[in-house]
Amino acid sequence: MDDRDLLHLRRCVELAARALEKGDQPFGSVLVSGRGAVLFEDHNHVAGGDHTRHPEFEIARWAAANMTPQERAAATVYTSGEHCPMCAAAHGWVGLGRIVYAASSEQLGEWLGELGVPAPPVATLPIRAVVPDAVVDGPAPALTAEIRALHRRFHTG
Ligand SMILES: [Zn+2]
(Lines give C-alpha, C1' and ligand atoms only; values in the text may rest on other atoms or scores of the structure.)
Protein backbone atom coordinates (compact mmCIF):
# COMPACT_ATOMS: atom_id res chain seq x y z
CA MET A 1 0.00 0.00 0.00
CA ASP A 2 1.50 3.34 -1.08
CA ASP A 3 0.67 7.06 -0.75
CA ARG A 4 -1.64 6.96 -3.75
CA ASP A 5 -3.56 4.09 -2.19
CA LEU A 6 -3.90 6.08 1.03
CA LEU A 7 -5.17 9.09 -0.93
CA HIS A 8 -7.99 7.01 -2.45
CA LEU A 9 -8.75 5.43 0.93
CA ARG A 10 -9.04 8.90 2.48
CA ARG A 11 -11.66 9.71 -0.17
CA CYS A 12 -13.51 6.52 0.87
CA VAL A 13 -13.53 7.75 4.47
CA GLU A 14 -14.88 11.13 3.29
CA LEU A 15 -17.68 9.32 1.46
CA ALA A 16 -18.38 7.26 4.58
CA ALA A 17 -18.64 10.47 6.61
CA ARG A 18 -21.03 11.89 4.01
CA ALA A 19 -23.21 8.76 4.33
CA LEU A 20 -23.28 9.25 8.09
CA GLU A 21 -24.34 12.90 7.64
CA LYS A 22 -27.26 11.60 5.57
CA GLY A 23 -28.25 9.14 8.30
CA ASP A 24 -26.77 6.11 6.55
CA GLN A 25 -24.17 3.57 7.60
CA PRO A 26 -20.64 5.00 7.23
CA PHE A 27 -19.14 3.08 4.32
CA GLY A 28 -17.65 4.57 1.15
CA SER A 29 -15.87 3.15 -1.92
CA VAL A 30 -14.04 4.35 -5.02
CA LEU A 31 -13.33 2.60 -8.33
CA VAL A 32 -10.00 3.54 -9.94
CA SER A 33 -8.91 2.54 -13.44
CA GLY A 34 -5.63 0.82 -14.25
CA ARG A 35 -4.31 4.23 -15.33
CA GLY A 36 -5.23 5.81 -12.00
CA ALA A 37 -8.43 7.67 -12.97
CA VAL A 38 -11.32 7.77 -10.52
CA LEU A 39 -14.25 6.27 -12.46
CA PHE A 40 -17.04 5.91 -9.91
CA GLU A 41 -17.61 6.50 -6.23
CA ASP A 42 -20.47 5.85 -3.86
CA HIS A 43 -21.44 5.35 -0.22
CA ASN A 44 -23.97 3.17 1.57
CA HIS A 45 -27.64 3.74 0.75
CA VAL A 46 -29.26 1.25 3.13
CA ALA A 47 -31.17 3.77 5.27
CA GLY A 48 -34.22 3.35 3.00
CA GLY A 49 -34.45 -0.31 4.00
CA ASP A 50 -32.66 -2.04 1.08
CA HIS A 51 -29.62 -3.57 2.75
CA THR A 52 -28.07 -4.64 -0.54
CA ARG A 53 -27.25 -0.99 -1.38
CA HIS A 54 -23.56 -1.22 -0.52
CA PRO A 55 -21.11 0.92 -2.54
CA GLU A 56 -18.94 -2.07 -3.52
CA PHE A 57 -22.00 -3.76 -5.03
CA GLU A 58 -22.88 -0.59 -6.95
CA ILE A 59 -19.28 -0.47 -8.20
CA ALA A 60 -19.46 -4.07 -9.46
CA ARG A 61 -22.67 -3.32 -11.36
CA TRP A 62 -21.31 -0.05 -12.77
CA ALA A 63 -18.12 -1.82 -13.86
CA ALA A 64 -20.06 -4.62 -15.57
CA ALA A 65 -22.14 -2.07 -17.49
CA ASN A 66 -19.34 0.34 -18.42
CA MET A 67 -16.00 -1.48 -18.62
CA THR A 68 -14.47 -4.25 -20.70
CA PRO A 69 -13.30 -7.40 -18.91
CA GLN A 70 -9.70 -6.22 -19.40
CA GLU A 71 -10.45 -2.79 -17.92
CA ARG A 72 -12.19 -4.38 -14.95
CA ALA A 73 -9.28 -6.70 -14.25
CA ALA A 74 -6.85 -3.75 -14.29
CA ALA A 75 -8.99 -1.59 -11.99
CA THR A 76 -8.69 -1.23 -8.21
CA VAL A 77 -11.57 -0.94 -5.76
CA TYR A 78 -10.84 1.15 -2.67
CA THR A 79 -13.21 0.91 0.25
CA SER A 80 -13.46 2.18 3.81
CA GLY A 81 -14.50 -1.27 5.07
CA GLU A 82 -13.59 -4.69 3.73
CA HIS A 83 -16.18 -6.11 1.31
CA CYS A 84 -19.00 -8.16 2.85
CA PRO A 85 -19.57 -11.62 1.30
CA MET A 86 -22.28 -10.24 -1.03
CA CYS A 87 -20.00 -7.52 -2.40
CA ALA A 88 -16.98 -9.82 -2.55
CA ALA A 89 -19.03 -12.24 -4.67
CA ALA A 90 -20.19 -9.42 -6.98
CA HIS A 91 -16.57 -8.25 -7.28
CA GLY A 92 -15.48 -11.76 -8.20
CA TRP A 93 -18.33 -12.35 -10.66
CA VAL A 94 -17.57 -9.21 -12.68
CA GLY A 95 -13.81 -9.85 -12.63
CA LEU A 96 -12.62 -6.65 -10.98
CA GLY A 97 -8.98 -6.37 -9.92
CA ARG A 98 -7.24 -5.46 -6.69
CA ILE A 99 -9.13 -4.50 -3.53
CA VAL A 100 -7.68 -2.08 -0.97
CA TYR A 101 -9.63 -1.61 2.25
CA ALA A 102 -9.04 0.71 5.20
CA ALA A 103 -10.68 -1.35 7.97
CA SER A 104 -11.15 -5.12 8.00
CA SER A 105 -14.43 -6.92 8.63
CA GLU A 106 -12.78 -8.43 11.69
CA GLN A 107 -12.06 -4.96 13.09
CA LEU A 108 -15.60 -3.81 12.36
CA GLY A 109 -17.01 -6.90 14.07
CA GLU A 110 -14.94 -6.14 17.18
CA TRP A 111 -16.07 -2.50 17.27
CA LEU A 112 -19.74 -3.35 16.82
CA GLY A 113 -19.45 -6.06 19.46
CA GLU A 114 -18.05 -3.50 21.92
CA LEU A 115 -20.99 -1.23 21.13
CA GLY A 116 -23.48 -4.06 21.73
CA VAL A 117 -24.74 -4.01 18.12
CA PRO A 118 -26.50 -7.31 17.25
CA ALA A 119 -24.70 -9.59 14.77
CA PRO A 120 -25.75 -9.07 11.12
CA PRO A 121 -27.90 -11.71 9.35
CA VAL A 122 -25.07 -12.46 6.87
CA ALA A 123 -21.83 -14.07 8.02
CA THR A 124 -18.68 -11.96 8.08
CA LEU A 125 -15.95 -13.58 5.98
CA PRO A 126 -12.57 -12.42 4.71
CA ILE A 127 -12.74 -11.50 1.00
CA ARG A 128 -10.47 -14.40 0.06
CA ALA A 129 -12.86 -16.87 1.68
CA VAL A 130 -15.36 -15.79 -1.01
CA VAL A 131 -12.99 -14.97 -3.91
CA PRO A 132 -9.91 -17.17 -3.40
CA ASP A 133 -7.79 -15.49 -6.09
CA ALA A 134 -8.58 -11.89 -5.11
CA VAL A 135 -5.64 -9.52 -4.61
CA VAL A 136 -6.36 -7.74 -1.34
CA ASP A 137 -4.49 -5.13 0.70
CA GLY A 138 -5.50 -3.76 4.09
CA PRO A 139 -6.13 -2.65 6.71
CA ALA A 140 -4.65 0.87 6.78
CA PRO A 141 -3.68 1.63 10.40
CA ALA A 142 -3.45 5.38 9.65
CA LEU A 143 -7.24 5.47 9.15
CA THR A 144 -8.38 3.06 11.86
CA ALA A 145 -9.28 5.60 14.54
CA GLU A 146 -11.22 7.80 12.13
CA ILE A 147 -13.32 4.92 10.77
CA ARG A 148 -13.93 3.51 14.21
CA ALA A 149 -15.22 6.93 15.34
CA LEU A 150 -17.64 7.07 12.38
CA HIS A 151 -19.16 3.71 13.33
CA ARG A 152 -19.35 4.72 16.97
CA ARG A 153 -21.23 7.89 15.99
CA PHE A 154 -23.64 5.93 13.78
CA HIS A 155 -24.54 3.49 16.55
CA THR A 156 -24.48 5.80 19.56
CA GLY A 157 -25.72 9.04 17.97
ZN1 LIG B 1 -21.34 -5.31 1.00
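The legends below describe close-up views of a predicted model. Local features need pLDDT of at least 70 and side-chain atom pairs count only at pLDDT 80 or more, while totals for chains, interfaces and linings use all residues. Residue numbers start from 1 along each chain as its sequence is written.

**View 1. Helix α2 (residues 55-66) beside helix α4 (residues 85-94).** The two axes come within 8 Å and cross at roughly 15 degrees, which means α2 is roughly parallel to α4 (angles under 35 degrees count as roughly parallel). Axes are lines fitted to C-alpha atoms, for helices over the stretch in contact, and angles run from 0 to 180 degrees between N-to-C directions. Helices are DSSP runs of H or I with at least four residues, and strands are runs of E with at least two, numbered from the N terminus.

**View 2. Residues joining α2 and α4.** From α2, E56, F57, A60, A63 and A64 meet M86, C87, A90, H91 and V94 of α4 (contact: C-beta atoms, placed from the backbone, within 7 Å). Eight of these residues are nonpolar, one is polar and one is charged (Ala, Val, Leu, Ile, Met, Phe, Trp, Tyr, Cys and Pro count as nonpolar, Asp, Glu, Lys and Arg as charged, the others, Gly among them, as polar).

**View 3. The open sheet of five strands.** The order is β2-β1-β3-β4-β5, with mixed pairing. At the edges, β2 (38-43) and β5 (136-137) each pair on one side only (pairing requires at least two DSSP bridges between two strands).

**View 4. Strands β1 (residues 28-32) and β3 (residues 76-81).** They pair in the antiparallel sense over four bridges; V30 has Y78 in β3 as its bridge partner. Helix α2 lies across β1, β2 and β3, at about 25 degrees to β1.

Key: Angles under 35 degrees count as roughly parallel, over 145 as roughly antiparallel, 65 to 115 as roughly perpendicular and the rest as oblique. Two residues are in contact if their C-beta atoms, placed from the backbone, lie within 7 Å.
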